[in-house]
Amino acid sequence: MKRTLAHALPEATPGSRVLLQGWVHRRRELSAVTFLVVRDRTGLAQVVVRPGGADVPSEETTISVVGTATANPQAPGGIELTEPEITLLGEPADTPAVELWRPTLNTGLPTLLDHAATTWRHPARKATWELAAASLRGFRDTLDADGFTEVHSPKLVETATESGANVFTVDYFGRPAYLAQSPQFYKQQLVGVFERVYEVGPVFRAEPHDTVRHLAEYVSLDVELGFIEDHREVIACLRDTVAGMVDGIRRHAAPAVERLDLRLPDVPDELPVLHFREALAIAGAPADEPDLNPAHERALGEWALAEHGSDFVVVEGYPTANRAFYSHPDPADPHWSRAFDLIFRGIELVSGAQRLHRYSDYVAALEQRGYPYEPYASYVEAFRRGIPPHGGFAIGLERWVGRLVEATNIREVTLFPRDLHRLAP
Ligand code: AMO
């Protein structure tokens, strides 16, 4: 017998025998009847068990049910199964740590995370990851249509890319190696092969602080493109990419949007752009502040909404000395850089820049910062053999979903978060 999915049950012919497979979502025993709600990947279906009928196993047990499709206006979709035969597909499930059948989960974050394998089954939790998955489809669709090639770079690397401070060291056949903090060096080298590349993959940061916006491992959506004029072209690509992610959600995760009652952001045709100096003034920060802190970002988020009706604002021209050594200085005034951040609903979501692309500029930048040449040699030497002017950016997936659903802690939207304290589940 072919399996019927819960969302297709309303189309079953009344009187026909139907096979459902899924989890016991809820077992509700009344005096005259027991209602069994079966959950599968598409939704919920109701099964009615009369006294003396089948035994109903414990919640979260996986089962097969064969029953008669019967019209009932009170059942989800107007059809339920009656006269069921129930087969267990495994052992009866232990009682879950949370009652997954309740419409909202009223439980603390530690319980949610400790029992992630089951708490993610809750339809509202599951919906948040459906947003992530649909965003990834939109990300890939947009870039594929724009001539990009998907790449995968090594996660075991010889050198820190972002800064030496927050790397995980591993033993690599008796010598030290690091877990990659980003695909930065590889995506730049691959511009020399494909012109336009993107990568979706894990990156690792040994973040020493326990914050609501940092993980020790997160999913980085990296993009890099060659033959650009300046960083504004990179910002235009970022704009289209983020719009594509929102579109991906609209097309592939409409039920999740509805369940979570989400307000999806409108991505303006042109993202508002502020120079770092203006951003400091708007955020009420001293003019010599070297970077934006979370409070500044919140203030800029409020400003963008009030002035432009936008959930997004780009800050460009960060002080060169404060950005990664591969960032391109502003030719008009090299004190400032062609690096930028995108702030989404008051939090940094993206970093990007035009990069240096001349070998001699890399040698000078390393020297100026007092970095040794040797650890960077294999990367920097690639620039001796024709890498075009290029730039790119990286979007943090968990930050994206976190702000979409306005989560207070990034861990709420991370399947199995890794942080200072958490290495399991
Ligand atoms: P950066 O280090 O700013 O830039 O990271 C880019 C984006 O990744 C997200 N992010 C994080 N998310 C969760 N936990 C963390 N610990 C964490 N750290 C960063 C943020 C951030 O904006 N190579 C550059 C990118 C580039 O220039 O292309 C880089 O990695 O959303």
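Modeller: Two strands are said to pair if DSSP finds at least two bridges between them, where a strand is a DSSP run of E with at least two residues, numbered from the N terminus. This is a predicted model, in which local features need pLDDT of at least 70, side-chain atom pairs count only at pLDDT 80 or more, and totals for chains, interfaces and linings use all residues. Residues are numbered from 1 along each chain as its sequence is written, and side-chain values use heavy atoms, with hydrogens and water left out.

Colleague: Why are strand E7 and strand E9 called paired?

Modeller: Two bridges join E7 (residues 156–157) to E9 (residues 175–179), and the definition asks for at least two, so they count as a pair. These strands run antiparallel, with valine 157 opposite tyrosine 178 in E9.

Colleague: What makes E8 a partner of E9?

Modeller: Strand E8 (residues 169–172) is joined to E9 by four bridges in the antiparallel sense, and tyrosine 172 stands opposite arginine 175. E8 and E9 form a hairpin with two residues between them, and phenylalanine 173 in the turn has a positive phi of about 50°.

Colleague: Why are E6 and E12 called edge strands?

Modeller: In the open sheet of eight strands, the order is E6-E10-E11-E16-E15-E14-E13-E12, with mixed pairing; strand E6 (149–150) and strand E12 (273–275) each pair on one side only.

Colleague: How do you know that E13 and E14 pair?

Modeller: Strand E13 (residues 312–316) and strand E14 (residues 339–344) share five bridges in the antiparallel sense, and valine 313 stands opposite isoleucine 343 in E14.
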